[in-house]
Amino acid sequence: MTTPALLPLSGRRLPPLNLGASAFPHHRATLRLSEKFILLLILSAFITLCFGAFFFLPDSSKHKRFDLGLEDVLIPHVDTSKEGKNPGGFLIHGQGHDEHRHREEEERLRNKIRADHEKALEEAKEKLKKSRDEIQAEIQTEKNKVVQELKKKDSKPLPPVPLPNLIGINSGEPADPDIREKRNKVKEMMKHAWDNYRQYGWGHNELKPIARKGHSTNIFGNSQMGATIVDALDTLYIMGLHDEFREGQEWIDKNLDFSVNSEVSVFEVNIRFIGGLLAAYYLSGQEVFKIKAVQLAVKLLPAFNTPTGIPWAMVNLKSGVGRNWGWASAGSSILAEFGTLHMEFVHLSYLTGDPVYYNKVMHIRKLLQKMDRPNGLYPNYLNPRTGRWGQHHTSVGGLGDSFYEYLLKAWLMSDKMDMEARKMYDDAIEAIEKHLIRKSNGGLTFIGEWKNGHLERKMGHLTCFAGGMFALGADGSRDDKAGHYLQLGAEIAHTCHESYDRTTLKLGPEAFKFDGGVEAVAVRQNEKYYILRPEVIETYWYMWRFTHDPKYRQWGWEATQAIDKYCRVSGGFSGVKDVYSSSPTYDDVQQSFFLAETLKYLYLLFSNDDLLPLDNWVFNTEAHPLPVLHLANTTLSGNPAYR
Ligand code: DMJ
């Protein structure tokens with residue numbers, strides 16, 4: 001809620017205060033908030049002036065009024081008339097000509113005070129003669145000045161840091177005309193999504209492509225933060241959509257403001273905004289993105305002020321007050337949320353030279369390392385007050401997913417130096433494989449969920465990202481099991497493809513079962529939707545990069561066509577409510593991750609591997625590429641700002 005004092009002047013007002021017509025005969029008897037504010041300002045200026053005048057009087061005159069009889073003993077008096085002549089600066093009493101000069105000086109000051117009083121009263125009268133609009137305009141001008149000052153302060157340049165080796169920012173244009181055509185189709189879809197957002201949802205977080213207006217959810221708070229712009233930037237950049245990129249940059253420069261009274265999801269804002277801004281900075285070299293990323297990160301820091309240092313799920317960007325989702329196991333923090341900050345926070349410390357971000361995420365890691373894990377598994381909930389696990393529910397899909405992803409990627413991003421992260425990843429996936437991964441009767445490998453001591457044979461669309469993760473982590477795996485993990489990645493990719501292929505629309509449901517004769521099919525009505533999610537395509541892309549098996553491009557193309565056929569509307573792209581229905585209804589949301597991830601992974605799938613090579617770039621969980629910090633190990637010693 002906005003406090004009344006901060007409301008725009010045209011907004012809600014307090015009831016008028018009756019000061020009586022006789023007090024201000026030329027003014028209306030009732031005064032509005034803004035006018036009262038001005039009056040108070042004038043009165044306080046007046047009082048300050050009186051007090052100020054008193055303190056400017058020569059000490060001798062003060063002592064005459066407040067004569068305690070001790071002043072000669074306790075107070076060394078500065079004789080202004082003798083400045084420079086009497087190096088000790090002490091008043092020499094009993095000298096007649098000085099007495100006279102003092103009286104003259106007092107008189108002069110009294111006259112000045114009288115004149116100042118008169119002037120202040122005149123100014124007050126003048127102010128009160130002004131119309132409400134004039135007073136409002138003056139207040140607005142003052143406010144703007146303060147905002148400009150704050151902006152200047154916030155935009156101070158950061159210490160220069162050597163940029164990591166930025167290899168592979170190129171067109172990645174494939175030689176094969178068929179593949180080129182497919183890639184162009186994906187680019188055209190991006191244009192369609194962007195242009196419609198530009199036209200109907202500009203500045204809003206997301207787009208309602210059917211209603212053709214802005215859309216938002218509680219993860220972004222109640223303000224227009226242009227989530228789609230920030231999330232889409234790097235995709236626009238790598239697709240060579242430079243005019244669109246510049247439009248986005250301009251909006252961010254002029255409008256993206258984080259000093260809003262808005263409660264946002266720390267995780268979502270980190271992966272979409274900080275990740276998006278950092279990637280845009282590294283790709284384009286435009287300082288504005290780095291500065292905005294750091295401004296936002298500063299606003300997230302109060303979320304870590306909990307008894308354990310495990311951050312709250314949500315934080316108010318203005319007040320810094322944090323809290324957790326009510327539904328999350330008695331007010332717990334969520335593993336996939338507090339465990340998906342590492343990549344961005346390490347980069348923030350790298351770029352700012354300020355270890356605060358790095359320390360926050362390392363503290364989380366250390367705390368997790370010390371905790372007992374049931375069956376070696378990480379439960380999804382952790383209470384930030386007590387430091388104890390909440391409900392014992394483990395998932396590689398929603399609530400858990402990107403925590404595992406970030407362990408692996410912390411290691412990759414550190415140029416494979418962060419062995420602690422690699423060990424945690426290896427331990428975690430060993431436990432996952434043992435307890436959660438199974439083969440269905442029909443031979444499909446799936447990852448279930450562990451709930452209170454039993455395995456639920458259900459897999460979420462979100463979980464499908466794990467195929468790519470296993471492939472990405474194959475190299476460097478314990479006991480040289482690279483082949484095994486690449487195979488596991490391929491099996492998950494196959495299962496997830498089946499979940500698409502067994503639907504009417506050839507688009508994957510939100511969750512699918514392997515139970516009671518059902519395989520890779522959604523059973524409950526509320527699990528049949530597809531909201532433009534990227535995870536299956538993400539896995540196809542990683543599998544393509546590591547195997548070059550053409551089936552992954554084929555599967556990616558099937559998904560592209562299905563999205564274009566069933567999710568495209570004239571106002572953008574929409575999710576669909578039932579992938580098993582031949583006449584689907586739309587959910588009327590164009591998610592920002594569709595532009596950040598789904599279309600980016602498709603574009604990369606039809607590009608050459610030298611565009612953002614995986615030896616040099618690590619993609620955050622929202623598909624924002626961050627460079628490997630070849631110079632920096634986990635102590636970030638490569639950054640001169642740390643030395
Ligand atoms: C994205 O915002 C991120 O990939 C996140 O990690 C979970 N999934 C959504 C899109 O499905």
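Colleague: What lies 2.7 Å from an oxygen atom of the ligand, with a backbone N or O atom?

Modeller: That is threonine 621. The protein covers 92% of the 290 Å² of accessible area that the ligand has on its own, by the Shrake-Rupley method with a 1.4 Å probe. Please keep in mind that this is a predicted model, where local features need pLDDT of at least 70, side-chain atom pairs count only at pLDDT 80 or more, and totals for chains, interfaces and linings use all residues. Residues are numbered from 1 along each chain as its sequence is written, and side-chain values use heavy atoms, leaving out hydrogens and water.

Colleague: Which side chain has a polar atom 2.7 Å from a ligand oxygen?

Modeller: Arginine 533 does. The side chain of glutamate 597 also has an N or O atom 3.0 Å from an oxygen atom of the ligand.

Colleague: Why is histidine 461 called buried?

Modeller: Its relative accessibility is 1%. Buried means under 20% relative accessible area, exposed over 50% and partly exposed in between (1.4 Å probe, protein chains only), so histidine 461 counts as buried.

Colleague: What joins the side chains of histidine 461 and glutamate 535?

Modeller: A polar contact of 3.0 Å joins them. Arg533 is among the residues in contact with histidine 461, where contact means heavy atoms within 4.5 Å.

Definitions and conventions
Polar contact = N/O pair within 3.5 Å; in protein donor to acceptor, adjacent residues only side chain to side chain. Lists of a residue's contacts leave out its neighbours within four places in sequence.
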